[in-house]
Amino acid sequence: MAASSFSMTITNFKIHFILFLCFSGIVSAQLSSDFYSTTCPNVLSTIKTAIDSAVNNEARMGASLLRLHFHDCFVQGCDGSVLLDDTSTFTGEKTAFPNANSLRGFDVIDTIKSQVESLCPGVVSCADIVAVAARDSVVALGGPSWTVQLGRRDSTTASLSSANSDLPAPTLDLSDLITAFSNKGFTAKEMVALSGSHTIGQASCRNFRTRIYNETNIDSTFAKSLQANCPSTGGDSNLSPLDVTSENNFDNAYFKNLQSQKGLFHSDQQLFNGGSTDSQVNAYSSDSATFMTDFANAMVKMGNLSPLTGSSGQIRTNCKKIN
């Protein structure tokens, strides 16, 4: 083989390998658990203290901060785009149907950001704060911990349309749930594990009204108890726990509720409705430790969804707006 041909072959191999890394997500390995160890060594303890205080003040906030991370990562990746406010020249994601009058915890993130900016100005991204806050919220409510990979940077863009199209709705059937998560690289098993986040938190009447008045795969006593707080008309914002058993404890009761047809959302009960995920629900219902492990691993994977690293994006000084 001529030297020039050999050189071209090596070059082509390098190009294809780099493309493989990009499409396989391995480039996200630029994130690291000790990213701030020298530039902001007290950031993790600062976030934890703030989260423990917020959750102690209102247990529901833990679920809200976990959901905030999910709604960030499923739209453009974990880039803090969900935190951006609308302006006269910019449209953010807060008014998307899954987020409007629903997504919470922005004030907690803003408070943490202010504290962190005092410690280490211009160093820690809003996206990283959201990711750590989600982990610390789960831990504060008795759930598993995991190592949060750090080094994300903040987006200067947002996508209202993607927020409306990519976030799974509580009305989805099983096949559509599997597709929605598959589009983000998750298996059906990981989708079930992540759905276990509904073991904490509350939901608005408008998101489960159709289920409690029209569906048959629901425990009748459970449905009637919900109807008392969610009338057939009105009361859209009235809240009910996603996990009727232990809404403020991160445990596996959610899966046991599904076995008893006490899933709050249509999408919840779809996980245990004679379909392909019934066996996974049974497994998590009987083995809390396995659920906790699988959930933690899936959260690490979610936190690696298309992060901005290196020179991409920016470190926002204020999470609500671009620098």
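Cys205 is buried, its relative accessible area being 0%. The model is predicted, and four disulfides are found across the whole structure. With the bonded cysteines numbered in sequence order, they pair as 1-4, 2-3, 5-8, 6-7.

**Cys205 and Cys230**
- The sulfur atoms of Cys205 and Cys230 are joined in a disulfide at 1.8 Å.
- Because the torsion about the S-S bond is about 70°, the link of Cys205 and Cys230 is right-handed.
- Cys205 sits in the loop between β1 (202-204) and α9 (209-214), and Cys230 in the loop between α10 (220-227) and β2 (239-241), so the bond ties together parts 25 residues apart in sequence.
- Cys230 is also buried, at 1% relative accessible area.

**Cys40 and Cys120**
- Cys40 is bonded to Cys120 with an S to S distance of 2.0 Å.
- A torsion of about 75° about the S-S bond makes this disulfide right-handed.
- Cys40 belongs to the loop between α1 (3-24) and α2 (43-57) and Cys120 to the loop between α4 (106-119) and α5 (126-140), so parts 80 residues apart in sequence are tied together.
- Both Cys40 and Cys120 are buried.

**Cys126 and Cys319**
- In the disulfide of Cys126 and Cys319 the sulfur atoms are 2.1 Å apart.
- This link is left-handed, with -100° about the S-S bond.
- Distant parts of the chain are linked here: Cys126 lies in helix α5 and Cys319 in the segment after α14 (288-303), 193 residues apart.
- Cys126 is buried at 0% relative accessible area, and Cys319 counts as buried at 1%.

**Phe70**
- Phe70 is part of helix α3 (residues 60-73).
- Beyond its neighbours within four places in sequence, Phe70 contacts Leu167, Pro168, Phe181 and Met302.
- Phe70 and Val82, 12 residues apart in sequence, have a C-alpha to C-alpha distance of 9.9 Å.

Note on methods:
Residues numbered from 1 in each chain as written. Predicted model: local features only at pLDDT ≥ 70, side-chain atom pairs only at ≥ 80, totals over all residues. Heavy atoms only, no water. Helix = DSSP H or I, 4+ residues; strand = E, 2+ residues; numbered from the N terminus. Contact = heavy atoms within 4.5 Å. Disulfide = S-S within 2.5 Å. Buried < 20%, exposed > 50% of the residue type's maximum accessible area, 1.4 Å probe, protein only.
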